[in-house]
Every structure is written in structure tokens, then in C-alpha cells.
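This briefing covers a ligand site and the pockets of one protein model. Please look over the sequence and structure before reading the points below.

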Amino acid sequence: MRPVDEHRAAVAALVPAPRTVDVPVADALGRVLARDVPAPLSLPPFTNSAMDGYAVRAADAVAGEVLPVAFDVPAGRTDVPALPVGAACRIMTGAPVPDGADAIVPVERTDGGIERVRIDEAPEPGRFFRAAGSDIGAGDVALRGGETVGPAVVGFAAALGLTTVPVLAPPHVAVLSTGSELVEPGTPLRPGQIYESNAPMLASAIREAGATAEVVRFVADDADAFLARLAERISAGGVDLVVTSGGVSAGAFEVVKDALASRGVDFVKVAMQPGMPQGCGTVDLGGVQVPFVTFPGNPVSALVSFEVFLRPALRAAMGLPDRPRRVARLAEPVDSIPAKRQYLRGLLTRNADGTDSVSVLGGPGSHYLRWLSQADCLLDVPAEVEHLAAGTPVELILLND
Ligand SMILES: Nc1nc2c(c(=O)[nH]1)N[C@H]1C(S)=C(S)[C@@H](COP(=O)(O)OP(=O)(O)OC[C@H]3O[C@@H](n4cnc5c(N)ncnc54)[C@H](O)[C@@H]3O)O[C@H]1N2
Ligand code: MOO
């Protein structure tokens, strides 16, 4: 059987490098910058006052001196005259400092006069000046490629007058479930039928990872119908990757395997549980080369497969980190399937002494979706481990971070 890491590498090799798109600055939160962006202007763009007060020549502004107020400079004034020798001007925070002024006297250090102002405390030259370019100079690197855009980066980009920023385009993934037993929720079930749950689950997981996803209407176990549905969607364009669920194990009607094994997809058994039957490869669909990742149909297998194989690849392609991992001690003893890396559903609980311990939720069966829905972590139990005593440290993949 193929080791987990080997199949993860095969899947990672299929995920295409992201394109660069320009998005409006206001919509860039959480996106990864595709490249360095130089500052198109200096910030501040002009030397301005850090305080409400008076712009003066320090030589004129001796303590106790009364100076005529020549004019006012509110923030936003664009036609500021030079400051006459021996005069002051009222100036507000953010307003341009007039030529000739070399000091700001905050209003609290004056009598606050309008026609004339008495200086109570002599200013230090240059104090309360916000010099042009003191935040960043025009041409310096303002935004760094590879960084994730946070609120302050949005603000900085807007302050620089940028309207758009170049970010990595997330891959667009089409998700297609297969199975003649599947019925859309909202339709009554007949005996032997179940509701289709993998496609909305996988599409949500893809979106949560930061990529975009669409659900292609599921098909019955019919290779021709499967290929026709795919060809129709691929010919419309915009799909970077296809993810399928179901039809990959050893039964008589394995639609995905039947349709794709001769078209470039490798179907393998991976030494893991859940998620043993896997496939990946590139398929020519109507002349378009389309990467495929095929997950098993059991719902827990499908989502765990996504977490183990595709999520890390999508995140890496987008320049984003994968799920954090940590170690916690087992609350109870655990048995693990021999020779398979097992991903058990877990829940962390805080002990009275402030440490955390992890409990296993439900059994290992790949149909226990309820337990997966309540889990906050996956236990990553190595293939060679068959039994773990209570208190053993075990590695966890944290699902909510
Ligand atoms: N003889 C063998 N049988 C099976 C093997 C094997 O090696 N030899 N492997 C088992 C393992 S492990 C898994 S996992 C499954 C994988 O089966 P498939 O990928 O072929 O998936 P299906 O047979 O189509 O479905 C399995 C299971 O999941 C349910 N299902 C499928 N799709 C959906 C969906 N979209 N929404 C909800 N539930 C879904 C389906 O009804 C089945 O119960 O094979 C084992 N068998
Ligand atoms: O490996 Mo399958 O995914 O257990 O049920």
C-alpha cells in the first residue's frame, strides 16, 4: 500500500500554481499578495502637523511673546501660503505645514488666540512635524509578496492611493459525487436510498481552505453519464481541479475507476484509515488537461481524505499555512488498525490542572459522520502503532484553527 506522505506528494503535484489577479483593495482581506508592491507615493505625502496649534518660526516663538496670526490652515487646505517672518498661523492636525515654519506650538501651550497668539512655552524646532516620507518613501516596498492581507494592510494600501492589489487567485474546484443510491435532500427517500452529503461537505471544506468550489450535480453509477457531466462542465471553462467522491473501491460498479483508470488517473490503496482507496491524475477532457483527485465515497473517508491530501496542497498553492498540529495526552486507551495510519476523530478537553487531554469520538467506521461533525481534531496515529495507553501523547490535527 502507498504511504500517506507519498500520495500527499502526488496530489500536491497536481494542484496548479495560482494565477495572479488584481482585486479591489477593500476586498483583499485574507488574500495572499502575489508580489511586492512599491509605494506609488511617499507617506505622509507632505509635511504636516501632528497637533492642533500654531505653526511658527522657532526663532520668533519665545515664551511670553505675542505673535500676529497670519492665516488658518485647516486639514485639507491646498493653497497654503508661506508663513511671514514674525507671525504665526493656526494649524490643525494633518494640515500642511507652511513654508518658513519650523516648529509647532500645541494650542495648550498658548492662550489660544485667533487674531494674535501668546506663546506660553517655546517650541522645539521640528517637534510635532510629521515629515513627508517619514512613514514610507515613494518607490520603497510597501506590500510584500507572500504576506496575507490584514486590515492594516488594507488601510496602508488605501493610504497609498492603490485601488487594487495583486493577489493569488484561489484554485477553482468542481466537486462531483457519484452513486445510484444518492438523492438530493428535500426529496423523499425510497428504500436503499440515502441523501447526498459529500459534495456540499467537500465544497464547504474547499471554501474553508480559501479556494473556491462549485458542486456539479451528482451522477448515478454510469461511466458514460459521469464523463458526459464532466465534459459539459469542463468545456464551460474555469475549473482548475476536479474532486470526485465514491466509485473507487473494489465493487462491481465503480464508476469513477471505470471511467478514469484508462484516462490517466492512478487508483491506489493508501495505508490509512479512513480513506484507503484513492486516485489522482490528469485527464484529457475534450482537449483540456484537467487534474483529478478522487476520494472514497464513505463520508468520513471523503472529508478525512480532503484534510490529509488536498487541503495541504491547496493551502500551499495559495501561500497559506496548513492546519496547526499539537500534541495532547489520551484521556482513554485507544486501539489502532495495524499497518495503517489512522485518523481518529477527537475532542480536546481542558483538565482541572490546565492541561488538555483528547478523547476519541465514536468508532473508526467511515460512516460515523455525526462524530466527525462534533470533533475538533483528528488524532494522527502512526501506521506501526496498534495500541496506545491512556496518558500517551498523541499528535493532533486541529480542525477549528
Ligand atoms: N471488497 C472491498 N470493499 C470495499 C473496500 C475494499 O477494499 N474491498 N474498501 C472499502 C473502503 S475502505 C471504502 S472507503 C469504500 C470506498 O468505496 P467507494 O469509494 O467505491 O464509494 P461507494 O462504494 O460509492 O460508497 C461508499 C459508501 O459511502 C456512501 N456514499 C457514497 N457517496 C456518498 C455521498 N455523496 N453522500 C453520502 N454518502 C455517500 C455510499 O452509500 C456507501 O455507503 O469501499 C469499501 N469497500
Ligand atoms: O478506508 Mo475506508 O475509507 O475505511 O472506509
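For the class counts used here, Ala, Val, Leu, Ile, Met, Phe, Trp, Tyr, Cys and Pro are taken as nonpolar, Asp, Glu, Lys and Arg as charged, and the others, Gly among them, as polar. On that basis, the shell around ligand 1 holds nine nonpolar, eleven polar and four charged residues. The model is predicted. Ligand 1 takes up the space of the largest pocket.

**Ligand 1 and its shell**

- The shell around ligand 1 consists of 24 residues.
- Glu 181, Glu 196, Ser 249, Glu 254 and Gly 297 are the closest of these residues.
- Strand E12 (172-178), strand E14 (194-195) and helix H6 (299-317) each contribute at least two residues to the shell.

**Polar contacts of ligand 1**

- Ser 249 places a polar side-chain atom 2.9 Å from an oxygen atom of ligand 1.
- Gly 297 has a polar backbone atom 2.9 Å from an oxygen atom of the ligand.
- For Asn 298, a polar backbone atom lies 3.2 Å from an oxygen atom of ligand 1.
- Ligand 1 exposes 870 Å² when taken alone, and the protein buries 69% of that area.

**Largest pocket**

- The largest pocket contains about 610 Å³ of space.
- Its lining has 33 residues, and those closest to the pocket centre are Gly 246, Gly 247, Pro 296, Gly 297 and Asn 298.
- E12, E14, strand E17 (265-269) and H6 each provide at least two lining residues.
- E17 gives the largest share of this lining, with three residues.
- By class, the lining of the largest pocket comprises 13 nonpolar, 14 polar and six charged residues.

**Second largest pocket**

- About 260 Å³ of space lies in the second largest pocket.
- Its lining is made of 15 residues, with Leu 303, Glu 307, Arg 323, Leu 372 and Leu 399 nearest the centre.
- Helix H3 (198-208), H6 and helix H7 (369-374) each supply at least two residues of this lining.
- H3 makes the largest contribution to the lining of the second largest pocket, four residues.
- Nine nonpolar, three polar and three charged residues make up the lining of the second largest pocket.
- Helix H6 supplies at least two residues to the lining of the largest pocket and at least two to that of the second largest pocket.

Terms used. Residues numbered from 1 in each chain as written. Chains lettered and ligands numbered in written order. Predicted model: local features only at pLDDT ≥ 70, side-chain atom pairs only at ≥ 80, totals over all residues. Heavy atoms only, no water. Near = heavy atom within 4 Å. Polar contact = N/O pair within 3.5 Å; in protein donor to acceptor, adjacent residues only side chain to side chain. Areas by Shrake-Rupley, 256 points an atom, 1.4 Å probe, with all protein chains shown as cover. 1 Å grid on protein atoms, 1.4 Å probe; cavity = no way out; pocket = protein on both sides within 12 Å on 5 of 7 lines; lining within 4 Å. Sits in = over half its atoms within 2 Å of the grid points. Points joined across faces, edges and corners; volume = space filled by probe spheres on them.
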